[in-house]
Amino acid sequence: NSGIANQAYYLAIEGGNNRTSGQPVQGVGAANREQIEKIMYRAFTQLMPANSTYAIARAATIQAARDLYGANSTAERAVTQAWTAVGVN
């Protein structure tokens with residue numbers, strides 16, 4: 001089911017509140033969409049095994065954000081908040 005990952009991707013870019021959890025996400029903004037695209041691409045093509053769970057996807061995308069933009073970057077924060085908002089901790 002890609003719906004959960006799709007929602008995390010959207011929230012990491014656009015920000016807002018998840019409709020189910022109500023948790024807020026401060027996204028990177030549409031002007032920085034490419035950051036999240038690169039993070040997801042790196043995580044899904046280079047860091048995740050074929051049998052990944054959502055928890056592994058979360059860890060891989062957070063690691064990709066750190067690799068590409070640094071620890072505590074805006075992109076890392078957005079990805080972390082997005083996964084939390086969709087219920088993947």
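This is a predicted model: local features need pLDDT of at least 70, side-chain atom pairs count only at pLDDT 80 or more; totals for chains, interfaces and linings use all residues.

Trainee: How are two packed helices described?

Mentor: Two packed helices are described by the angle between their axes and the distance between the axes. Here, take helix α2 (residues 33-47) and helix α3 (residues 54-69): their axes come within 8 Å and cross at roughly 120°. That angle makes α2 oblique to α3. The crossing of the two is right-handed.

Trainee: Which residues of α2 and α3 make the contact?

Mentor: On the α2 side they are E34, Q35, K38, I39, M40, R42, A43, F44 and L47. On the α3 side they are A60, T61, Q63, A64, A65, D67, L68 and Y69. By type, the residues of this contact comprise 10 nonpolar, three polar and four charged.

Trainee: At what angle do the axes of α1 and α4 cross?

Mentor: Helix α1 (residues 3-14) and helix α4 (residues 74-85) cross at roughly 140°, and their axes come within 8 Å. α1 and α4 are therefore oblique to each other. Their crossing is right-handed. From α1, the residues I4, A5, A8, L11 and A12 meet A78, V79, A82, W83 and A85 of α4. The residues of this contact are 10 nonpolar, with no polar and no charged.

Trainee: What should I look for along a single helix?

Mentor: An α-helix has 3.6 residues a turn, so residues three or four places apart point the same way. Now look at α3. With 16 residues, α3 reaches 22 Å from its first C-alpha to its last, close to the 22 Å expected at 1.5 Å a residue.

Trainee: Which residues of α3 are buried, and what do they pack against?

Mentor: The buried residues are A57, R58, A60, T61, I62, A64 and A65. The buried residues of α3 pack against α2 and α4.

Trainee: What follows α3?

Mentor: G70 follows α3, and the phi of G70 is positive, near 95°.

Trainee: Let us finish with one residue. Is E76 buried or exposed?

Mentor: Compare the relative accessible area with the cut-off: under 20% counts as buried. E76 is found in helix α4. Its relative accessible area is 7%, so E76 is buried.

Trainee: Which residues does E76 touch?

Mentor: Leaving out residues up to four places away in sequence, E76 touches I62, A65, R66, G70 and A71.

Terms used
Residues are numbered from 1 along each chain as its sequence is written. Side-chain values use heavy atoms; hydrogens and water are left out. Axes are lines fitted to C-alpha atoms, for helices over the stretch in contact, and angles run from 0 to 180 degrees between N-to-C directions. Helices (H or I, at least four residues) and strands (E, at least two) are DSSP runs, numbered from the N terminus. Angles under 35 degrees count as roughly parallel, over 145 as roughly antiparallel, 65 to 115 as roughly perpendicular and the rest as oblique. A crossing is left-handed if the near helix is turned anticlockwise from the far one by less than a right angle, and right-handed if clockwise. Contact means heavy atoms within 4.5 Å. Ala, Val, Leu, Ile, Met, Phe, Trp, Tyr, Cys and Pro count as nonpolar, Asp, Glu, Lys and Arg as charged, and the others, Gly among them, as polar. The expected span of a helix is 1.5 Å times one less than its number of residues. Buried means under 20% relative accessible area, exposed over 50%, partly exposed in between (1.4 Å probe, protein chains only).
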